[in-house]
Amino acid sequence: MSHVDADPLGLIAEEHVDALAAGATLLGSGGGGNVDLAEQLVRHGVRRRPVVVRRAADLPPDAHVVHVGVAGAPDVLAERLIDPRDMAIAARAVADQTGGRLDAVGIIEIGGLNALAGVVAAGELGLPVVDGDLMGRAFPSINKTTMALAGGSAAPLSVVGPAGDTVVVTTSSAAAAERLLSSTAGAFGGAAALALYPTTAAELTRTGIAGSLSACVALGAAFHASPARQVADLAEHLGGSMLFEGRVDEIRPRDGVLPGSITVSDRTTGSAARVDLLEEFLAVTVDGITRACTPDVVVGIDPTSGGVLGTTQIRPGQLLSLISLPALHPWPASADDVVGPRAFGLDLELEEVRR
Amino acid sequence: MNSAPKVADLLHDPVLEGTRIVAGAAGLERRVTDVHWYDGAFTGVADNLVVCDEAQANPPYRLEATVRRAQEAGAAALLVVAATARPLLSTVRLADRLEIPVLWLESGAPGQIVLELATLVRAPEQVRARTVERLLRQLSSKRTGQDILTTAQTVLSAKVSLMTSDGTCILGDPVVLDPRLHLDQAVPQHGEHLLVHPVLDPQVNRLAAWLACPFERAADARLDVLAVGLAMTEPFIRSWLSGQRAQADRDSVFRAQLVSEIVAGRDSVSRDVVEGAVSLGWRLPGWHVGIHVLSDATGPVDRERIVDQLTAALAGHGIELVASASRGNGWAMWITTDDEPAPEDARKLVRAVRLVTAALPREWGLTAGIGRPHRGPNGLAESLGEARDAADLARSHDFRPAVEHSDELGVARLLATWQRSDVTRAFAETALAPLRDPAHSHLLNTLHAYLESGGSAVLTAQALGVHRNTVTTRVQQIRDRLGVDLDDPSQRLALQVACRALGV
């Protein structure tokens, strides 16, 4: 069971959009895709009609939920508007595979673009959005979910391209689903609408991460409310911890599936931190001791502007503050191979990680 | 057993050739007591050099934890073998901060390296024994100096040069001399960056050259190996030198050529010349006194015999000629000493040469000139030049044998001005008038020789080829005829100048 302690939202209205976007960016752990375009879409949608937010437990147990979002290359997603109707088509295509009922929309990952995409899809379909998600942050794979860990399948899933082309996968193994998704999104020009993990509210109550949407909005609100923009204060304000602050001295790009590394040096104390990263920040190791690692959320902040920096925005010579936020979901030890550092090819000494 | 080597010492050992210091240079002075192959555990590695392979460095982030754990376990240094990966900057910073050296060897067999390093650290005497054996085996088949040096360089994995005492390189690369080394003392020495071993002259057991082995830094054990290596190489070089000399002796033209090159080249003598000189046992950097010997015998003379007899006779007076070489119409010979000769040595030398030449057969018509002591190849040229001038002057005397020393030439020049003056001439005419008639010319000659030889009846007798008693009798007759006191220095001086002025 999982839960997040934040006052549950009843609905998402225009006043929540800024906080939602900020929270999603923070939970993206440096990845998850740029939220700017999706933020415009949500604002546009909720201005007409706010989206109702329901906890899975508050829905009828047999209510059918399909998780909706977008898939593709972050660069493409940052520039090409996903048509909310494509997400609606994708959701219905999956619902058609499971008896035709569709009662609510689920959020795949609460970190980054997909947190907002779920809300947009719910608004488009006129359905409530489930207050929760399957990752508790952003992950680069559709298999790193609580449902997958509980034995659930992503299929039936559907991918809808910008021209309305629809691919439905009725049955698939987890590994094949991942490959099908990326190649299909590639065929659709690098980005596509996505619907998957059809389930019931009862199942979602058991395996989903409840309340993460409310938590995300609360986190974003706290970020905006943090007055001084002192990063250490901010970390405290967000319930996280300050990891390191220094100047980016070296950026070693990733080598295929092997994570890349950033060296951040504190000139005054002489200590140095290593940040391992792929799409997201994966781990922060200060002076040889790993201080935070996935599934913890690592946030990079530009201390001069106070803005959140994604993994692709880090430049040599830049000042960088690193804070960690507690994972929204207490992943069991058995999940280490799925969401822990080893899942990303990082062989860290984990006894050190947990401090 | 020597004290444990430092990390930096090991780095300069041939085993770790090509190793880079990636980080943690501050810890290079740590001592290494053992070598440990990293097998995933850091137990009991305190003060060890921990060796790991690429698995620990690729992907690069892995190394960071290894560095920290190695430092926590007290390891002296970490050596990463066979890694093409580059360490992360954060790892470099960490190692710098923890002051644990991280050494990087891109290619190599880790197992072999661990084995060799372990032997080096645990049992340096084994390494020494192995080196000695390899050196002996390989040197035994080498003949030329260059081959010997090359072999020593390969086996010792160090540069080895053959040089003279003043640092002129004979074979191998030029060497930067350490001023603290006492190259005048023929004992093995080592300075801060240079190890030297004397090569002794095969025949006279005196310093001929130096074997020099520069090193950047080294553990005591490594220095030991190098020192032993040089000591082993020395006899081979020595035997090569003596072989060279035997060859060179057969060819006196070679020597004459060498002398003329030294004289012509002065201080900028070429390497070939220096090499040739050393092979002949000539110690160019020392102090030289040149002797030039001329013979104006009318009949054919056996030059070799004259030189041999001169050499042997001078040796009887404790004077050792280094060499002789034909030069111009005579022979250039010289004496070399390590220290500057004292003034009385010069007088002794003149006296010895006078005695020796006087003892040799008169028909050889020997005249000799002696130069002043000078230092170095330039000095040798200088002294030989002076000797030649002095010999030419000596030749102008009409008695044989005649010996002149360059020191006295200045006086001779002074005297020459007097001799040419009219006043002197007039005095000579009157003072020597009683001896001027042809019947008494033998008395005049005797007086001249007697004065020139410093009032020695013996030398005068030898110079004139008459018995000593004859000289005594004649001197008495001279005293009677001239009515002068030959024991009075002023009178003697006046008469000597008068003799010279008349050109007796």
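Here is a tour of selections, stop by stop.

Before you start: this is a predicted model, where local features need pLDDT of at least 70, side-chain atom pairs count only at pLDDT 80 or more, and totals for chains, interfaces and linings use all residues. Residues are numbered from 1 along each chain as its sequence is written, chains are lettered from A and ligands numbered from 1 in the order in which they are written, and side-chain values use heavy atoms, leaving out hydrogens and water.

**Stop 1**

Select Arg47(A) and Glu14(A). Their side chains form a salt bridge at 3.1 Å, N to O (the rule: a side-chain nitrogen of Lys or Arg within 4 Å of a carboxyl oxygen of Asp or Glu). Arg47(A) sits in helix H2 and Glu14(A) in helix H1 (residues 14-27), so the pair links parts of the chain 33 residues apart (helices, H or I, of at least four residues and strands, E, of at least two are DSSP runs, numbered from the N terminus). Now pick Ser29(A), in the loop between H1 and H2 of chain A. Ser29(A) is not a glycine, yet its phi is positive, about 55°.

**Stop 2: the largest cavity**

The structure holds two cavities of 30 Å³ or more. A cavity here is a set of points on a 1 Å grid over the protein atoms alone where a 1.4 Å probe fits but cannot get out; lining residues have an atom within 4 Å of a point. Grid points are joined across faces, edges and corners, and the volume is the space filled by probe spheres set on the points. The largest cavity comes to about 90 Å³. To see its lining, show residues including Leu37(A), Leu41(A), Arg80(A), Leu113(A) and Val120(A). Helix H2 (36-48) and helix H5 (113-125) of chain A are the elements that give two or more residues to that lining. The lining divides into 11 nonpolar residues, no polar and one charged (Ala, Val, Leu, Ile, Met, Phe, Trp, Tyr, Cys and Pro count as nonpolar, Asp, Glu, Lys and Arg as charged, and the others, Gly among them, as polar).

**Stop 3: the sheet and a cis proline**

Switch to cartoon and follow an open, antiparallel sheet of eight strands in chain A, ordered E14-E13-E12-E11-E10-E17-E15-E16. Strands pair if DSSP finds at least two bridges between them. Strand E14 (289-293) and strand E16 (308-309) are the edges, each pairing on one side only. Inside the sheet, E10 (residues 241-252) and E17 (residues 319-325) share six bridges; click Gly246(A) and you'll find its partner in E17(A), Leu320(A). Next, select Thr294(A) and Pro295(A), joined by a cis peptide bond with omega about 10°. Pro295(A) lies in the loop between E14 and strand E15 (297-301).

**Stop 4: where chain A meets chain B**

Colour by chain. The contact (heavy atoms within 4.5 Å) takes 24 residues from chain A and 16 from chain B. How much area is buried between chain A and chain B? About 1,700 Å², with carbon and sulfur atoms giving 49%; this is accessible area (1.4 Å probe) lost on putting the two parts together, summed over both. Highlight Arg252(A), Arg274(A) and Glu349(A), which supply 32% of what chain A buries against chain B, more than any other three residues. Four salt bridges cross this interface. End on Arg274(A), whose side chain meets that of Glu64(B) in a salt bridge at 3.2 Å, N to O.

Definitions and conventions
On a 1 Å grid over the protein atoms alone, a cavity is a set of points where a 1.4 Å probe fits but cannot get out, and a pocket is an open set with protein on both sides within 12 Å along at least five of seven lines; lining residues have an atom within 4 Å of a point.
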